Amino acid sequence: MAIQFGVEFECKGLTVNEARDAMEAAGVDFYNNAGLLGYHTRVPSNYWKAESDSSLGANATETSKGYMEIISPILTGENGVRIMKKVARELTRRGGKVDNLCGTHVTVGVNHSARWARFSHARKIEAGVTMQRIYAHFANVFDAISPDCRQMDNSSWCSRPVPGSYFSDRYQAVNLTAWVLY
C-alpha cells in the first residue's frame, strides 16, 4: 500500500484569489470561495484549503497579498507527489514565496497500514526513535538544501531532534508529538 501524506505550504506574496487561480491551474479542488479559513477549519475530503496562521505575518485577503497556509487533503503515493509538485510550481509561478516565518511541513501517515497496526507500542516508539536518528544523521544535508533562514541553527520554530528524546516537542524537525497519541 502506498504511503499517505499531507503537505502544508506556508507562504507569502499571494492574494487568496491568486492562490485560487494557482489551484485551478494545478487541477485540484480548492475550498476557499470567500477569503482565508480559520485555523484547522474542516472541509470536505479531497479539497485543498487556505487558512490563516497567527504564527505568520499579516494574513492575505482575497485582494491583498499576505501570509497563508495552503493545506492539502490526504495524498497517496507517487500520484500524490506529482500533485504536490504541481501545486508548489503554480504557487511559486504566481509569486508565492517563503521567508524566515514560513515554510513547508509534511505529515506522513502510517495508521492505514496493516503492518503498522500489528506493531506493539514499544515497536512504534522504536520506529520513531529510528526516524529521529536518521534525520540527525542527515541534518547537514537537509540544512544544505534549505534557505539560510530555515536552517536548524537559525530557526526558532524548528530544532534538531535528539534521538531517543521524549516526543513532546512539536517544534522539532521530526515532530512526533502525535505519534504518542495515535
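Strand β2 (residues 49-51) is joined to β3 by 3 bridges, and the two strands run antiparallel; strands pair here if DSSP finds at least two bridges between them. Strands (E, at least two residues) and helices (H or I, at least four) are DSSP runs numbered from the N terminus. The model is a predicted one, in which local features need pLDDT of at least 70 and side-chain atom pairs count only at pLDDT 80 or more, while totals for chains, interfaces and linings use all residues. Residues are numbered from 1 along each chain as its sequence is written, and side-chain values use heavy atoms, with hydrogens and water left out.

β1 is also antiparallel to β3, with 5 bridges between them. One residue pair from each pairing is listed below.

| Residue | Opposite residue in β3 |
|---|---|
| Alanine 50 | isoleucine 70 |
| Glutamate 8 | isoleucine 71 |

β3 itself is mostly covered, with 6 of its 6 residues buried, where buried means under 20% relative accessible area, exposed over 50%, and partly exposed in between (1.4 Å probe, protein chains only).

In helix α1 (residues 16-26), the buried residues are Val16, Ala19, Ala22, Met23 and Ala26. Because these buried residues fall within an arc of 115 degrees when seen down the axis of α1, they line one face of the helix, the arc being that of the directions from the helix axis to the C-beta atoms. Their cover includes β1 (4-14), β3 (66-71) and α2 (77-93), with contact meaning heavy atoms within 4.5 Å. Glycine 27, which follows α1, has a positive phi near 80 degrees.

Valine 141 lies in helix α4 (residues 121-144) and counts as partly exposed because its relative accessibility is 48%.
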